[in-house]
Amino acid sequence: MAPNPPSPQEFPTPCGKVLMDYSKDVMKLGFSLLELLSEGLGLNGSYLKDYMDCCHISYSCNYYPPCPQPELTMGTIQHTDVCFVTVLVQDDIGGLQVLHQNHWVDVPPTPGSLVVNIGDFLQLLSNDKCISVEHRAISNKVGSRMSVACFFSESPWQSSKLYGLITELLSEDNPPKYRSTTVKDHTSYLHNRGLDGTSAFSRYKI
Ligand SMILES: O=C(O)CCC(=O)C(=O)O
Ligand SMILES: [Fe+2]
């Protein structure tokens, strides 16, 4: 959706306008979140947005049909998001779960609310101050479910910038836990590896 949104003809007719309108608002929200997260990390408010080579926004629009035997399958398997931040809107069916202290915890839908996830790159940049949450979506037999995840990242195809611990956060007490990587390298590693449910971070551990 950004920086180069598709042309209106490329969208399915019912959702083109609504996605474009939503994009404008969710971008404002995403940039405010990046500002707050920068401040939370003790950095200048514009730090994270400026640090990203080019803010790339993509969507994953998920449709989960009802399933007669949900215990035999999975909606979206365990993973972390390959981005800085994700803003997710879900309908009222439910199914999203996060891994907390080795237990799967439901993230029940709250009308009018959005879910914000930290992604892999923010964990890498912040040296684990922000944690890229393991999550999944389970299937259900109640009815079909939809969710739209908006990822704030950088285009894996357009940038070869190396992302690692933010230098301002580096100190004797806070040495880098991970080696730097590019969005392209991390994305292609995950695509080749597939969704096997293991953490991607062990690969970068120093
Ligand atoms: O459907 C959901 O609630 C989660 C979707 C998700 O994790 C994703 O698209 O990355
Ligand atoms: Fe996700």
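Tutor: Asn 102 sits in the loop between β4 and β5. Keep in mind that this model is predicted.

Student: Why does Asn 102 count as exposed?

Tutor: Asn 102 has 5 C-beta neighbours inside 10 Å. The limit for exposed is 12 or fewer. Five meets that limit, so Asn 102 counts as exposed.

Student: What is noted about phi of Asn 102?

Tutor: Phi is near 70 degrees there. That is a positive value, and Asn 102 is a residue other than glycine.

Student: Where does Gln 101 lie, and what is its phi?

Tutor: Gln 101 is in the loop between β4 and β5. Its phi is positive, about 45 degrees, although Gln 101 is not a glycine.

Student: Is Gln 101 buried or exposed?

Tutor: Exposed, because Gln 101 has 5 other C-beta atoms within 10 Å, and buried would require 20 or more.

Student: How do you know that β4 and β5 pair?

Tutor: Pairing takes at least two bridges. Four bridges join β4 (residues 96-100) to β5 (residues 103-106), so the strands pair. They run antiparallel.

Student: Which residues touch the most other members of the largest nonpolar core?

Tutor: This core has 25 residues. Those touching the most other members are Cys 83, Phe 84, Val 85, Phe 121, Leu 122, Leu 125 and Phe 152. At least two core residues come from each of α1 (16-40), β3, α3 (120-126) and β8.

Student: What does Leu 122 touch, beyond residues up to four places away in sequence?

Tutor: Leu 37, Phe 84, Val 85, Cys 130 and Ser 132.

Student: What makes up the shell around ligand 1?

Tutor: Four nonpolar residues, six polar and one charged. Asp 81 is one of the residues around ligand 1. Asp counts as charged, so Asp 81 is the charged one. Also around the ligand are residues including Ser 60, Asn 62, Gln 90 and His 135.

Student: Which strands each supply at least two residues of that shell?

Tutor: β1 (56-64), β3 (85-90), β7 (135-137) and β8 (145-153).

Student: Where does UniProt place the Fe2OG dioxygenase domain?

Tutor: An unreviewed UniProt entry puts it at residues 55-155. Over that stretch the chain is 7% helix and 44% strand. The end C-alpha atoms are 8 Å apart.

How values were computed
Residues numbered from 1 in each chain as written. Chains lettered and ligands numbered in written order. Predicted model: local features only at pLDDT ≥ 70, side-chain atom pairs only at ≥ 80, totals over all residues. UniProt positions renumbered as here; feature names shortened; annotations may be inferred. Near = placed C-beta within 6 Å. Core = buried A, V, L, I, M, F, W, Y, C linked by C-beta atoms within 7 Å. Contact = placed C-beta atoms within 7 Å.
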